[in-house]
Amino acid sequence: MAKSFPAATAAHHAPVHSPSRTAPSVRAWLDSCSRHQPLSQRTVLELARRIHRWQQHPDGPDHAPAPLRRRALRARDQLVRHNLRLISHTWGRHRTSLPPEDEGTADAFQEAAIALVRAAEKYDPSRGYCFST
């Protein structure tokens, strides 16, 4: 004969933690970060060279030829997109100050992404550093 447990006992064994109350915008950000794998060092160097050629154009980046600028902007976007995990990794270490249920966390992610764009534009591979540092 099979034992049956009273409802109170079954309720006692229910999970104590409720599902994470992550804000939808934070969840969407984390999901989009996980879609892109890190790039190889060779790819990072090639993308950085394209960006660097655009940034160092003799007439300035705003006056660079359109094809050079388009290639550089695509390279910058690809470099940033594949390094968004840096933001979520850093956030993971500071979750207490930026809780996942707070909509302000998504704002902080956007500010970090803007900083990553600026870092991609300023990155100089000839200095010997990895982009991720």
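1. **Starting point: Leu84.** Leu84 sits in the loop that joins H4 and H5. Helices here are DSSP runs of H or I with at least four residues, strands are runs of E with at least two, and both are numbered from the N terminus. The model is predicted, so local features need pLDDT of at least 70, and side-chain atom pairs count only at pLDDT 80 or more, while totals for chains, interfaces and linings use all residues. Residues are numbered from 1 along each chain as its sequence is written, and side-chain values use heavy atoms, with hydrogens and water left out.

2. **Is Leu84 buried or exposed?** Leu84 is buried, at 11% relative accessible area. The cut-offs are these: buried is under 20% relative accessible area, exposed is over 50%, and partly exposed is in between, with a 1.4 Å probe and protein chains only. Leaving out residues up to four places away in sequence, Leu84 touches Trp29, Cys33, Ala113 and Leu116. A contact means heavy atoms within 4.5 Å. Leu84 and Gln37 are 47 residues apart along the chain, and their C-alpha atoms are 9.7 Å apart.

3. **Overall plan.** Read from the N terminus, the order is α-α-α-α-α-α. Of its 133 residues, 28% count as buried. Take the contacts with a separation of 6 or more: 69% of them join residues 24 or more positions apart.

4. **The core.** The largest nonpolar core has 26 residues. Such a core is a set of buried Ala, Val, Leu, Ile, Met, Phe, Trp, Tyr and Cys residues, joined through side-chain atoms within 4.5 Å. Which members touch the most others? They are Trp29, Leu79, Leu84, Ile87, Phe109 and Phe131. Two or more core residues come from each of H2 (24–34), H3, H4, H5 and H6. Trp29 touches Leu84, Ile87, Phe109 and Ala113, again not counting residues up to four places away in sequence.

5. **H2.** The buried residues of H2 are Val26, Trp29, Leu30, Ser32 and Cys33. They lie on the same side of H2, because they cover an arc of only 165° around the axis. The arc is taken from the directions that run from the helix axis to the C-beta atoms.

6. **H3.** Helix H3 covers residues 41–55, which is 15 residues. Its first and last C-alpha atoms are 21 Å apart, close to the expected 21 Å at 1.5 Å a residue. The expected span is 1.5 Å times one less than the number of residues. Val44, Leu47, Ala48, Ile51 and Trp54 are the buried residues of H3. They fall within an arc of 115°, so they line one face of the helix. Their cover includes H4 and H6.

7. **H6.** H6 has 20 residues and reaches 30 Å from first C-alpha to last, close to the expected 28 Å. Its buried residues are Thr105, Ala106, Phe109, Ala113, Leu116 and Ala120. Asp102 caps the N-terminal end of H6, with a side-chain oxygen 3.0 Å from the backbone nitrogen of Gly104.

8. **Two loop histidines.** His82 lies in the loop between H4 (66–81) and H5 (85–93). His82 is buried, at 17% relative accessible area. A polar atom of the His82 side chain lies 2.7 Å from the backbone oxygen of Gln37. That meets the polar-contact rule: a pair of N or O atoms within 3.5 Å, where, within protein, one must be able to donate a hydrogen and the other to accept it, and residues adjacent in sequence count only if both atoms are side-chain atoms. His57 is in the loop between H3 and H4. His57 is buried too, at 18%.

9. **Cysteines.** How many disulfides does the structure hold? The count is zero, where a disulfide is a pair of cysteine sulfur atoms within 2.5 Å. Cys33 is buried, at 2% relative accessibility. Cys130 is partly exposed, at 38%.
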